[in-house]
Amino acid sequence: MDGIWMHVGAVFMGFFAIMNPIANVPIFLGLTSDYDEKTTRLIAFRALIIAFLIISLFAISGQFIFNLFGISLPAFRITGGLLVFLIGFHMLQGNQSTVHHDKDKPDDDTLEAKLSVAVSPLALPILAGPGTIATAMNYTAAGGVPELISTIGSFGVLCVITYVCFISGGRLVSYLGTAALGAITRMMGLILAVIGTQMAVEGLQGAFKVLS
């Protein structure tokens with residue numbers, strides 16, 4: 001039981017660092033600044049539902065994807081770790097990684113065009129980007145059903161927290177200030193870089209065992 005709770009804590013912190021709901025608030029506000037409150041809430045809800053479905057799909061079918069493409073867990077951990085480290089490194093520099101964020105915003109004023117922001121860039125790649133997918137698959141590939149449920153559940157809880165941050169984003173930014181958000185981004189970047197390094201180290205250890 002203690003092992004499961006430790007797994008839940010590690011997964012939640014990993015997802016929290018890479019999704020960074022607090023530091024993503026300015027991104028969300030920038031994409032929805034011209035929209036009314038009802039549309040903004042709908043965009044946030046749709047983006048998080050899509051992100052949850054994407055992560056759940058990769059968490060459940062991770063082993064099948066490995067077998068289908070002949071990918072080994074050590075190789076995936078090394079690649080995923082490097083990817084997560086790269087995102088964390090960019091966050092440490094106070095920048096947004098190009099594999100993590102997309103600044104494109106539709107010019108069309110129709111409701112469907114506004115809601116399309118929920119799919120891209122919000123759901124993918126901001127919330128459920130390559131790093132988040134790599135983290136989910138890494139935590140579930142070698143585990144059983146308890147690890148799978150705890151991973152999906154942890155991401156679900158984080159989605160709820162992210163939704164609250166998004167819809168109250170204006171008050172959050174005015175309360176914390178730009179400097180505080182920058183500091184949070186760098187702190188999460190450091191945690192993320194360490195998580196990526198740990199994933200890569202575990203992958204290298206597994207690769208050496210396979211080769212030996």
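Is F166 buried or exposed? F166 is buried, with a relative accessible area of 2%, where buried denotes under 20%, exposed over 50% and partly exposed the range in between (1.4 Å probe, protein chains only). The model is predicted: local features require pLDDT of at least 70, side-chain atom pairs count only at pLDDT 80 or more, and totals for chains, interfaces and linings use all residues. Residues are numbered from 1 along each chain as its sequence is written, and side-chain values use heavy atoms, with hydrogens and water left out.

**Aromatic pairs**

The whole structure contains five aromatic pairs; rings of Phe, Tyr and Trp (its six-membered ring) pair if their centres lie within 6.5 Å, and planes under 30 degrees apart count as stacked, over 60 as edge-to-face and the rest as tilted. Select F28 together with F166: this pair is stacked, at 4.4 Å centre to centre with 5° between the planes. F28 belongs to helix α2 (residues 25-32) and F166 to helix α7 (residues 145-167), so the pair ties together parts that are 138 residues apart in sequence. Helices are DSSP runs (H or I, at least four residues), numbered from the N terminus. F28 is buried, at a relative accessible area of 0%.

Next, select F52 and F155, a stacked pair at 6.5 Å centre to centre with 20° between the planes. F52 lies in helix α3 (residues 37-69) and F155 in α7, so this pair ties together parts that are 103 residues apart in sequence. F52 is partly exposed, at 27% relative accessible area, whereas F155 is buried, at 0%.

Return to α2, where V25, F28, L31 and T32 are buried. They cover an arc of only 130° around the axis, which puts them on the same side of α2; the arc is that of the directions from the helix axis to the C-beta atoms.

Then select N20, in the loop between α1 (2-19) and α2. Its phi is near 45°, a positive value in a residue other than glycine. Most residues other than glycine have a negative phi. N20 is buried, at 3% relative accessibility.

**Helices α4 and α6**

Finally, display α4 (residues 73-92) and α6 (residues 130-141), whose axes come within 9 Å and cross at roughly 145°. Axes are lines fitted to C-alpha atoms, for helices over the stretch in contact, and angles run from 0 to 180 degrees between N-to-C directions. Contacts (heavy atoms within 4.5 Å) involve residues including F76, L83 and I87 in α4 and A134, M137 and A141 in α6.

Definitions and conventions:
Helices (H or I, at least four residues) and strands (E, at least two) are DSSP runs, numbered from the N terminus.
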